[in-house]
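Let's take a walk through a structure together.

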Amino acid sequence: MSGPLRVVHYLNQFFGGIGGEEQADVGVTARAGSVGPGRLLEKALGDDARIEATLIGGDNFVNDRAEEASRAIAVELDRLRPDVLVAGPAFGSGRYGLACELVCKVARERGVPAITAMHPENPGASGARRGLYVVPTGASTTSMPAALEALAPLARRLGRGETLGLAEVDGYMPRGSRRVHDRGRPGYQRALDMLLDKLHGRAYRSEVPYAAPERVAPASPIADLARARIAMVTTGGLVRKGNPDRQVSANAVRYHRHTVSELESLSPKEWEAYHAGYFNHLVNSNPNYILPLSFLRDLERQGKVGRVHEHIYALPGVSTPVAVAAGHGRNIAQDLKAARVDGALLVAT
Amino acid sequence: MISAIYNFALTTGANRVIRGARIEHVCGDPTLSPEKDYAFGMRIVTAALETLTVAVPGPTLFDPMAPGKEAAHAS
């Protein structure tokens, strides 16, 4: 390929030199050439690459008005038509990380290869599981030189139209995609070698990566149940009788919120289960088995529970990718928090 | 989280896990008489509510069917 590699760099308002938290609401602007850490990035990219432009967006703006921000970024990318987009590094900064994830997603949709870098626990890093290239960095800006050093060669290769190699070899976060390749020796030999290594106490590495589940800090206890607002959520596939909302029975891409403020109990005449992962017949005769409204109403009457929240949440929790399920969980939790719910019972079948 | 397959809930990181009856009838048991079914379900739901009032260090199992009331930790 001829000519220098044309790079567009994305930064937040802080690294873009606009200002700190007080400037987090500024919209997306474009500046010619490199800005701030972009100068170091340009150096790391080498002589035959140059940062054509730097896009700068306020962290609040890009997160709170994602559609507007996406449009602005798309317009700039269509105008600049770079070979590759680099976002960040965002290190441990959550909003910046999510903004970098969004910008990479927009670039990818427009056919521009994109890559970002941040701490693996940054919420934006979960974009890796949705196919984005994310280079892991330290949590703070002190790891800037190392981050750019790792980011630059990958950005160059993506910009030249190369497909990157294995995540563990090339140093980006696994994206959960599989490629067929030949390991040279059949599986049984590799497995036996691994077993021998294990038995002899030698180091070995499994070919089946283990994805450790996310740890969530336990919520602090409720001081007084008699004054608490309690909500109910079920992954048992509860639907209104006849499934008028057309929920699926597995791999749900949405959940449903229903109002139960007028109900004393879930009647089998009005509710049923639609869930591909268990025998639904018993729940169809008593839906309170998977959403215990009848019990909570009694406890509410007895003054043992302050108030039963008026909305319930339901979906079939089966065959759902973890990332999708985590999204449902986040959205339901946000909704409950906004409604000042103190505690929730989640019934999982 | 009330679940009959409580080991899944514990190993995947749910912090307050209450053992439910069975997958097909988590909060109750249709093989019992209606009164006993209801009392059984109520025991599970009440146990679940009580877990919300105690601090837990991480994934912790509460078993309303166990003779004692002690909690077992996942680790």
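**Where the two chains meet**

Strand 12 (residues 343–348) of chain A pairs with strand 1 of chain B in the parallel sense, over two bridges. Within that pairing, B:Ser3 in strand 1 of chain B is the bridge partner of A:Ala348. Two strands count as paired if DSSP finds at least two bridges between them. Helices (H or I, at least four residues) and strands (E, at least two) are DSSP runs, numbered from the N terminus.

Before we go on, some ground rules: this is a predicted model, where local features need pLDDT of at least 70 and side-chain atom pairs count only at pLDDT 80 or more, while totals for chains, interfaces and linings use all residues. Residues are numbered from 1 along each chain as its sequence is written, and chains are lettered from A and ligands numbered from 1 in the order in which they are written.

Back to the meeting place. The contact takes 28 residues from chain A and 25 residues from chain B, where two residues are in contact if their C-beta atoms, placed from the backbone, lie within 7 Å. On the side of chain B that touches chain A, the elements giving two or more residues are strand 1 (2–3) and helix 2 (34–51) of chain B. Helix 2 of chain B gives the most, with five residues. Sorted by class, that side of chain B has 15 nonpolar, nine polar and one charged residues. Here Ala, Val, Leu, Ile, Met, Phe, Trp, Tyr, Cys and Pro count as nonpolar, Asp, Glu, Lys and Arg as charged, and the others, Gly among them, as polar.

Now zoom in on chain A. Its secondary structure comes to 10 helices and 12 strands. Of its 349 residues, 38% count as buried; that takes 20 or more other C-beta atoms within 10 Å of a residue's own, while 12 or fewer makes it exposed and anything in between partly exposed, with C-beta atoms placed from the backbone.

Next, find the sheet. Six strands of chain A form an open sheet in the order 2-3-1-4-5-6, with mixed pairing. Strand 2 (29–32) and strand 6 (133–136) of chain A stand at the edges with a single partner strand each, so one side of each has no neighbour in the sheet. From one strand to the next, the twist averages 25°. At one end of that order, strand 5 (residues 114–118) and strand 6 of chain A pair in the parallel sense over four bridges, and A:Met118 stands opposite A:Pro136 in strand 6 of chain A.

Which helices pack here? Helix 3 (residues 66–80) of chain A lies across strand 1, strand 2, strand 3 and strand 4 of chain A, running at about 160° to strand 3 of chain A. Helix 4 of chain A also packs on the sheet, touching strand 1, strand 3, strand 4 and strand 5 of chain A, and its direction makes about 170° with that of strand 5 of chain A. For these angles, axes are lines fitted to C-alpha atoms, for helices over the stretch in contact, and angles run from 0 to 180 degrees between N-to-C directions.

Helix 1 (residues 37–45) of chain A has A:Pro37, A:Gly38, A:Leu41 and A:Leu45 as its buried residues. They sit on the same side of helix 1 of chain A, because they cover an arc of only 100° around the axis; the arc is that of the directions from the helix axis to the C-beta atoms. Their cover includes strand 1 (5–12), strand 3 (49–57), strand 4 and helix 5 (144–159) of chain A.

What about the core? The largest nonpolar core has 55 residues, and A:Leu85, A:Val103, A:Ala114, A:Leu151 and A:Ala155 have the most contacts inside it. Helix 4 of chain A gives the most to this core, with nine residues. A second, separate core of 49 residues includes A:Val239, A:Phe295, A:Ala314 and B:Leu10. A nonpolar core is a set of buried Ala, Val, Leu, Ile, Met, Phe, Trp, Tyr and Cys residues joined through C-beta atoms within 7 Å.

Finally, look at the loop between strand 4 (84–87) and helix 4 (94–109) of chain A, the place of A:Pro89. A cis peptide bond joins A:Gly88 and A:Pro89, with omega about 10°. A:Ser93 lies in the loop between strand 4 and helix 4 of chain A too, and A:Ser93 counts as buried because it has 23 C-beta neighbours inside 10 Å.
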